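Here are my notes on the packing and the rings in this one. Have the model open while you read.

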Amino acid sequence: MTTTSSDRTGPPVARPRPRREWWIPASLLALTFVPVVAGAARLVDLSSGRTSENARFFDLPVPVVVHIIGATTYCVLGAFQFMPSLRRRRPRWHRWSGRVLVPAGLAAAVSGLVMAVSDDLPVHDNAALMWLRLVFGTLMAVGLVLGLAAIRSRDVRGHQRWMARSYAVAQGAGTQALVLGPMVLVDQPGGALKATGMGFAWVLNLAVAEWLVRRSQARQSSRRVW
């Protein structure tokens, strides 16, 4: 005996429309636009030779290049990992892109840590900002490792949370551009103000990521109950 849709009981399950989900990668790509453009400009600048402005990057170019390429790959490709319909319909793409994203993210995090301790502090930076870079860079790297360990243990919820946290840290540069950009137009912020603005951007990203991923997991749990 077959049943039709009219024979089924219970409330209908609303499936999210893929078109409505495109705001997720679109928003993340928009957030990373300024850092990507700035990174590309830095690579062009380094390829043109040593100047007084790029001396601190030119003298230690490998971590700079690795950081720019790794962060760009991680932020751009990673933006599409947060589309539920794409993960659901193309799980193989999600897994294979993850195998690119984890090394790219680790390269960006580790190279950022190397630059934080190896470069001389710029005029408008201070020790507090250096420590913030070390703390959040370490958090990003640890989050990627824990997220990978979680999915290998089939802990999907833990994997989602740690990957969201790492991506939130990586997107800090985009939020920092929004926070500090208006200040730069007026005057270059001093070390304390710059450190406060950048730290606020990282914390804000982490708070939003935590809220979004927990809300998404709560919705998934409620659907299973129905």
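A charge counts as sitting over a ring if NZ of Lys or CZ of Arg is within 6 Å of the ring centre and within 35 degrees of the ring normal. Keep in mind that this is a predicted model.

1. Charges over rings. With that rule in hand, look at arginine 165: its charged end sits over the ring of tryptophan 162, 4.5 Å from the ring centre. Arginine 99 does likewise with tryptophan 96, lying over its face at 4.3 Å from the ring centre.

2. The main core. The largest nonpolar core has 28 residues, and Tyr74, Met140, Tyr167 and Val169 are the ones with the most contacts inside it. Helices that give two or more residues to this core are H2 (23-31), H5 (61-78), H7 (91-118), H8 (127-152), H9 (156-170) and H11 (191-225). Apart from it lies another core, of five residues, including Leu46, Phe57, Val64 and Met115.

3. Around tyrosine 167. Which residues does tyrosine 167 touch, leaving aside its neighbours within four places in sequence? The list is Leu28, Tyr74, Cys75, Gly78, Ala79 and Phe82. Two of these names come back in an aromatic cluster, which is made up of Tyr74, Phe82 and Tyr167.

4. Searching the whole structure turns up four aromatic pairs. One of them joins tryptophan 22 and phenylalanine 80 edge-to-face, at 6.3 Å centre to centre with 75° between the planes. Tryptophan 22 is in the loop between helix H1 (18-21) and H2, while phenylalanine 80 is in the loop between H5 and helix H6 (84-89), so this pair ties together parts 58 residues apart in sequence.

5. Aromatic pairs, helix to helix. Phenylalanine 136 and tryptophan 202 make a stacked pair, 4.8 Å centre to centre and 20° between the planes. Since phenylalanine 136 belongs to helix H8 and tryptophan 202 to helix H11, the pair ties together parts that are 66 residues apart in sequence. Phenylalanine 136 is buried, with a relative accessible area of 9%. Tryptophan 202 is buried too, at 9%.

Key
Residues numbered from 1 in each chain as written. Predicted model: local features only at pLDDT ≥ 70, side-chain atom pairs only at ≥ 80, totals over all residues. Heavy atoms only, no water. Core = buried A, V, L, I, M, F, W, Y, C linked by side-chain atoms within 4.5 Å. Buried < 20%, exposed > 50% of the residue type's maximum accessible area, 1.4 Å probe, protein only. Helix = DSSP H or I, 4+ residues; strand = E, 2+ residues; numbered from the N terminus. Contact = heavy atoms within 4.5 Å. Phe/Tyr/Trp six-rings, centres within 6.5 Å; stacked < 30°, edge-to-face > 60°.
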